[in-house]
Structures are given as structure tokens and as C-alpha cells.
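Me: I'd like to talk through a structure with you, going from one part to the next. Could you take my questions in turn?

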Amino acid sequence: MSIKDYSWLASALEGLPQRLPGALLIYGQKGVGKQRLARAISQSLLCLNSGGSGFPCGGCEGCHLYEVGNHPDFRLLQPEKDAEENAKERPAKGPGAKKPSALISVDAVRDLAQLTTTASHRGGAKVIMIAPAESLHSSAANALLKMLEEPGRDTHFILVANDRNRVLPTIRSRCFQLPVKVPPSAVGTAWLEDHTGERAETALSLASYAPFAALELIEDEEFWDNRQALMARLSDPSANPLELASVSEKLEPKVLGRLLSMWVFDLLALKQGGDARYHRDMQSELV
């Protein structure tokens, strides 16, 4: 699917200068589609017909190599944890297996030296994508900084961050910073409804209007069952506290905290004569 199919991502591309910078930091709310945008830019740099426009042709040999994950001039740096989660076949875990790291190691960054200091295999650009940039170990961030200070010829670094303030300031200062904003509610809802007609508006509000985060919620039936049970207990003045605790345990602490804070926000909004902002589908139960 082309980046043109995501109007808010295509709009973000308009913020790029005509000549793509050697270091780019794409930042914005989690679930808004930053990695899709980063991948589109990466592929367009390796595309034989695009010239880094952000709109790869999809038909040339460069695009083919990228799409099958075998382009010799592209590297993706991500934590071991994310690499395993995204793998088509996850490695089997035996007893005593080491927990995958949530950080990008300094060795992973140092391994980029050969790519940055040698000519590209196909005579064009070399692209290094780092996502999320906040996961760089402090030593890895310092090693990357040295590479950004003396980038190799035709080398492009594309960093993706959910929170740019957690990226080393000296790294940020060497990057062109491209924000990706959440789309207007109507745009996000229409896009979700094109993919699934179920729960689009509610999922979008619960995901703070980030479309891809909302899509993940829609596909998580266990989340909706647990949320329904939680809201039913919270809305019942005679609910047993032990039952409420039992239901709460089925939700991850971070998810539970978000749902409860949204529930409190909606209660306050309703008491002041407004409408529920998050749990819109349960407004009658909240009143």
C-alpha cells in the first residue's frame, strides 16, 4: 500500500526539504504511522526511479530487493525485543533463555561502520533506519553521534522516535526533524471504517486518535471483553471490590491506568454537561 493511501502521512512528507538531509528524525505519537513513513522514505531513496521523494515506484529492482528484505544497502536497527516480535517465525525459547534486550547496543551501532565507510553495492544511496531512537543505549547513542558528525558518502540516517526529548540532544541537533501529527478525528475514523466497520470511533478515541494504534485495539478481542467487564463493574455502585480487582488483573497495568484515567475524565465531562470523550460507546452507563 502506497503512502498516498494515508493522507496524514503524505501531508507530513510536505515538510521535507527538496534535497533530503543526511540525518532525519521522524517523531510523533505512538501508533500514528511513523515507521511506515520512515520505510517509505527509505525505499524511495533506494528506488531507481524515485530519488528520495517518499513515493517509491514499487516496480524497479531496488524496490523489489527492499520489499523482500534483501537490499544490501539498507540496515534496520531495533531492539532485540522488537525484532523478535516482528519476526514471521519467532525463535523457540528454552529454559533459562536470555530475555531479549529492549535497548539497541553499542555493538549494533559499531557494526554499521563498514556500511557507512564503503561504497554502496548498487551505486546509489545507503540507508540506516533506527526505530525507536529512544531505545539506543547511552553508549550506542554516543557512537551514533560520531557517525552523524562524519557521515559516509551517500549515507542517510532515518531515526524514528515516539518521544524526541528522550533522544540525545546532540543527535537531535544534527537531524532534520519531521513531525507526524495525528489526523483529524473524521479522517482517522473514515480510514478505520475502510479497514473495519467495527468500533472505529471508540477505538480511535481510546487510542488518543492514532489510527494504527486504534487498528490494533480493534483486532484485540480480549481487550474489548476485559474493558467491557471493567466498565460494567465501575458503573455498578453495588459491585463487589473483589470482582473489580479480579477484572483489573486481566489488563496490563499501563492499559488499566489509561482506561481508568479516561473513565475519570469522561465522568467529569458528563457532570459538567458535556459528552464522554473516550468511552463514547458507554456514555449511558456512565451517566
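Reply: Gladly! Let me start with a term: buried means under 20% relative accessible area, exposed over 50%, and partly exposed in between, with a 1.4 Å probe and protein chains only. This is a predicted model, where local features need pLDDT of at least 70 and side-chain atom pairs count only at pLDDT 80 or more, while totals for chains, interfaces and linings use all residues. Residues are numbered from 1 along each chain as its sequence is written, and side-chain values use heavy atoms, with hydrogens and water left out.

Me: Thanks! How many helices and strands does the chain have?

Reply: Helices (H or I, at least four residues) and strands (E, at least two) are DSSP runs, numbered from the N terminus. By that count, the chain has 15 helices and five strands.

Me: What share of the 287 residues in the chain is buried?

Reply: The C-alpha trace spans about 70 × 45 × 35 Å along its principal axes. Within the chain of 287 residues, the buried share is 44%.

Me: How many residues of helix H2 are buried?

Reply: Helix H2 covers residues 34-46 and reaches 19 Å from its first C-alpha to its last, close to the 18 Å expected at 1.5 Å a residue; the expected span is 1.5 Å times one less than the number of residues. Among its buried residues are Lys34, Leu37, Ala38, Ile41 and Leu45. H2 is mostly covered, and of its 13 residues the number buried is ten.

Me: Which side chain does the side chain of His279 make a polar contact with?

Reply: His279 lies in the loop between helix H14 (253-271) and helix H15 (283-286), and it counts as buried at 0% relative accessibility. Leaving out residues up to four places away in sequence, His279 touches several residues, including Met231, Trp263 and Asp266, where contact means heavy atoms within 4.5 Å. A polar contact is a pair of N or O atoms within 3.5 Å; within protein, one must be able to donate a hydrogen and the other to accept it, and residues adjacent in sequence count only if both atoms are side-chain atoms. At 3.2 Å, the partner side chain is that of Arg227.

Me: One last point: how many disulfides does the structure hold?

Reply: A disulfide is a pair of cysteine sulfur atoms within 2.5 Å. Cys63 is in none, as the nearest cysteine sulfur, that of Cys60, is 3.7 Å away. Cys63 is buried at a relative accessible area of 0%, and Cys175 is buried at 10%. The number of disulfides in the structure is zero.
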